[in-house]
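Visitor: I would like to go through this structure with you. May I begin with a single residue and move on from there?

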Amino acid sequence: SRPRDLLSVAVGIGVLLLLAGWALAPVISTEIPAAQAMVWIPEWTWLAALLPLTAVWGWMLSSVRSRRARRCWMGIALVPSLVVGWGVWQREWSPNPFEHGGGGARILFLNAQDPPKEDAGTVLDAIQSCDPDLVVIVNPGWIGPVWRIRNSGLEEEASPIEPDRRSEWLIRWVSPVLVASRCGDVSVRTLNWKDGIRVMRVKASEPVSDIVGLSDIVVVDLPSDPTVIRAEVLERLSILLDQKQQDGDLRADLLLGDFNTTPRTGGMNAVWPGLEDLFPRAGSGWGATWPRDRPLMRIDLALASEQVDARSLWTFDPGWGGHRGVVIEIGGDR
């Protein structure tokens with residue numbers, strides 16, 4: 001009937017508009033600062049909006065008399081959901097199995113958001129439960145002092161760390177980054193503290209680099225103010241890192257940080273040419289890191305080159321704060 005045909009056209013237009021919105025979100029958010037919130041919309045949200053419309057559109061197209069035409073149109077109706085679903089699979093959720101027992105070294109990253117003394121132990125317990133070899137924490141708050149007390153054995157009854165492993169942890173803390181290693185020494189140096197863009201360099205000694213498979217880690221913490229234009233922040237970060245590289249002062253095997261924006265933000269791929277988001281390659285399960293209790297968006301990212309043998313990447317709940325942490329397993333047996 002004509003009314004049904006018109007409704008089918010209207011639903012089809014709605015599906016195509018949603019697909020266009022998803023596809024153009026990175027461009028629009030970059031070119032029109034007032035619309036930068038578009039890139040904050042998780043891809044799974046676009047998919048959730050598309051699926052019911054796709055189902056309705058497919059049902060309406062099922063009335064086409066020709067079987068061949070009906071199959072063709074229903075196939076076309078599925079394309080938008082498949083395209084956006086592929087984006088969700090690549091950047092937000094991965095069916096790859098967890099390889100926690102792969103025998104590789106584990107690097108853990110967390111924006112702890114300065115936990116107070118009474119909650120630092122909870123966060124530290126969660127970190128230790130991941131069995132990491134190298135820990136990188138932004139805004140550690142009281143975690144450093146509590147960890148050092150535990151290492152000294154002064155809280156033996158309260159400490160979940162086995163006595164013979166307390167002395168293995170070596171802690172370096174240069175605000176706002178704390179690095180803990182149980183396989184050797186590391187150095188931490190400030191590269192930038194201006195305009196809310198905090199950049200730190202972590203240099204691992206030979207014993208550490210031999211175990212974790214890399215020696216240079218760059219840690220970033222970008223502004224969380226929602227009014228700050230994300231594309232401009234990423235551009236300034238890219239220029240800063242490029243200048244440091246030209247000065248011969250910087251290299252990176254791994255770039256970790258709370259980027260406070262999503263992987264599809266314009267300029268993300270240009271932050272450090274040659275480094276790519278590790279989640280599409282090694283992610284396991286749900287990758288969102290914020291907010292901690294009901295994670296919706298993946299804003300804590302790990303970038304690395306193809307030479308970094310990342311086998312698995314997953315998130316964990318630190319039990320306090322607003323962010324989930326990220327654990328990367330490098331090397332080991334598949």
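Visitor: Is Ser224 buried or exposed?
Guide: Ser224 is exposed, because its relative accessible area is 55%; the classes are buried under 20%, exposed over 50% and partly exposed in between, with a 1.4 Å probe and protein chains only. Please note that this is a predicted model, in which local features need pLDDT of at least 70, side-chain atom pairs count only at pLDDT 80 or more, and totals for chains, interfaces and linings use all residues. Residues are numbered from 1 along each chain as its sequence is written, and side-chain values use heavy atoms, with hydrogens and water left out.

Visitor: Where is Ser224 found?
Guide: Ser224 sits in the loop between S8 and H8. Helices (H or I, at least four residues) and strands (E, at least two) are DSSP runs, numbered from the N terminus.

Visitor: And what is Ser224 in contact with, leaving aside neighbours within four places in sequence?
Guide: Ser224 is then in contact with Arg230 and Asn260, where contact means heavy atoms within 4.5 Å.

Visitor: Tell me about Asn260, then: buried or exposed?
Guide: Asn260 is buried, since its relative accessible area is 7%. Asn260 lies in the loop between strand S9 (254-258) and S10. Its phi is near 50 degrees, a positive value in a residue other than glycine.

Visitor: Which values of phi do most residues other than glycine have?
Guide: Most residues other than glycine have a negative phi, and most peptide bonds are trans.

Visitor: What about the phi of Asp131?
Guide: The phi of Asp131 is near 55 degrees, again positive in a residue other than glycine. Asp131 belongs to the loop between helix H4 (117-129) and strand S3 (134-138), and it counts as partly exposed because its relative accessible area is 34%.

Visitor: Now peptide bonds. What is the bond between Ser175 and Pro176?
Guide: A cis peptide bond joins Ser175 and Pro176, with omega about 10 degrees. Pro176 lies in the loop between strand S4 (170-174) and strand S5 (177-181). The bond from Trp290 to Pro291 is also cis, with omega near -10 degrees, and Pro291 lies in the loop between strand S11 (285-286) and strand S12 (300-304).

Visitor: On to the sheet. In what order do the six strands run?
Guide: The open sheet has the order S6-S7-S8-S9-S12-S10, with mixed pairing; two strands pair if DSSP finds at least two bridges between them. Strand S6 (186-192) and strand S10 (276-277) are the edge strands, each pairing on one side only.

Visitor: How many bridges join S7 to S8?
Guide: Six bridges join strand S7 (residues 198-204) to strand S8 (residues 216-221), and the two run antiparallel. Arg201 has Val218 in S8 as its bridge partner.

Visitor: What packs on the sheet?
Guide: Helix H8 (residues 230-246) does, touching S6, S7 and S8. The direction of H8 makes about 40 degrees with that of S7; axes are lines fitted to C-alpha atoms, for helices over the stretch in contact, and angles run from 0 to 180 degrees between N-to-C directions.

Visitor: Finally, which residues touch the most other members of the largest nonpolar core?
Guide: Of its 32 residues, they are Val219, Leu254, Leu256 and Ile328. A nonpolar core is a set of buried Ala, Val, Leu, Ile, Met, Phe, Trp, Tyr and Cys residues joined through side-chain atoms within 4.5 Å. Not counting residues up to four places away in sequence, Val219 touches several residues, including Phe109, Val136, Arg198 and Leu256.
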